[in-house]
Amino acid sequence: MSLWRGRDKEPELEQLATLAGEASAEAAVALGSEPGRPAPPADLTAAAFFDVDNTIMMGASIFHFARGMAARKFFTSGDLARFAMQQVRFRVGGRETHDGIRSARESGLSFVAGHSVADLMAHGEEIYDELMADKIWPGTRALAQMHLDAGQRVWLVTATPVDLATIIARRLGLTGALGTVLESGDGVYTGRLVGEMLHGPAKAHAVRALAAREGLNLRRCTAYSDSANDVPMLSVVGTAVAVNPDGSLRETARKKGWEIRDFRTGRKAAKIGVPSVLGAGAVAGAVAAGLAYRKRG
């Protein structure tokens with residue numbers, strides 16, 4: 001019976017992933033039209049898409065953001081560490097269910113409920129300067145600049161909330177970002193997501209939706225990621241590149257003939273190994289579930 005229940009959920013999950021992708025593309029275009037964005041590209045039909053966590057930035061961006069929020073007394077650092085470790089043990093123990101993960105992700109970002117979008121963006125700007133600016137991989141940043149110099153648009157694609165991802169993109173001089181869309185009304189977050197986390201298949205939907213809006217030829221586009229969870233996104237473009245890949249993506253890249261770039265030293269690879277194995281969406285869920293629990297308490 002559980003097998004059939006799982007099959008019954010597939011259309012719903014596909015719909016949520018599609019909704020998340022379309023909402024992310026809409027938000028990316030809207031945020032990308034703000035003043036101060038890069039000049040229009042010379043090459044109108046090609047673009048590059050970069051995953052963020054462990055691809056363009058060392059570690060998980062949502063963890064860096066959570067650390068900054070802890071410093072601002074949204075919750076304690078002890079709460080952050082305890083809840084993150086609980087989720088790590090949960091995943092390693094093999095007891096996770098899709099409903100459990102989705103519940104954690106959906107409720108996870110509810111710590112922003114009642115806060116204004118403007119306030120979160122202001123905190124995000126400060127936290128980027130404090131904790132993220134020195135975490136950018138120079139090698140991946142150079143790849144992004146290569147596309148910009150060729151007159152192409154460059155987009156980040158991440159499970160991190162699109163408002164925060166847009167800050168990262170702007171600071172790096174990129175075109176914009178596709179990310180998880182947090183529902184808001186009258187400039188205030190409700191604590192709910194639009195669709196689901198931008199993770200796995202949802203990223204592929206977002207890239208397709210953005211390409212349709214922007215007139216991109218996906219065969220001329222390039223995507224970069226470190227995680228096997230992003231194979232759907234890597235598979236929809238003409239050129240896929242594995243950057244600092246986890247073991248599964250490295251194997252897939254070799255089989256498919258995708259280029260592999262690794263900018264890590266052995267020490268750095270070991271330090272970011274666990275987040276890479278767990279995946280960006282799971283890391284976000286681990287942190288965010290703890291934040292939501294702390295707020296309810």
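**View 1. Helices α5 and α7 pack at an angle of about 45°.** In this predicted model, the axes of α5 and α7 lie 9 Å apart. Angles under 35 degrees count as roughly parallel and 65 to 115 as roughly perpendicular, so α5 is oblique to α7. The crossing of α5 past α7 is right-handed. Two packed helices are described by the angle between their axes and the distance between the axes.

**View 2. Residues of α5 meet residues of α7.** On the α5 side, the contact is made by V117, L120, M121, G124, E125, Y128, D129 and M132. On the α7 side, D163, L164, I167, I168, R170 and R171 take part. By class, the residues of this contact divide into eight nonpolar, one polar and five charged.

**View 3. The second largest cavity has a volume of about 70 Å³.** The structure holds two cavities of 30 Å³ or more. Which helices each supply at least two residues of the lining of the second largest cavity? They are α2 (61-71), α5 (117-132) and α7 (162-171). The largest share of this lining comes from α5, with four residues.

**View 4. The lining of the second largest cavity has no charged residues.** The lining residues are S61, I62, F65, G124, I127, Y128, M132, T160, L164, I167 and I168. Eight of them are nonpolar and three are polar. Among the lining residues are G124, Y128 and M132, which also belong to the α5 side of the contact with α7. L164, I167 and I168 line the cavity and take part in that contact from the α7 side.

Notes: Residues numbered from 1 in each chain as written. Predicted model: local features only at pLDDT ≥ 70, side-chain atom pairs only at ≥ 80, totals over all residues. Heavy atoms only, no water. 1 Å grid on protein atoms, 1.4 Å probe; cavity = no way out; pocket = protein on both sides within 12 Å on 5 of 7 lines; lining within 4 Å. Points joined across faces, edges and corners; volume = space filled by probe spheres on them. Nonpolar A, V, L, I, M, F, W, Y, C, P; charged D, E, K, R; others polar. Axes fitted to C-alpha atoms, helices over the stretch in contact; angles between N-to-C directions. Parallel < 35°, antiparallel > 145°, perpendicular 65-115°, else oblique. Left-handed = near helix turned anticlockwise from the far one by under 90°. Contact = heavy atoms within 4.5 Å.
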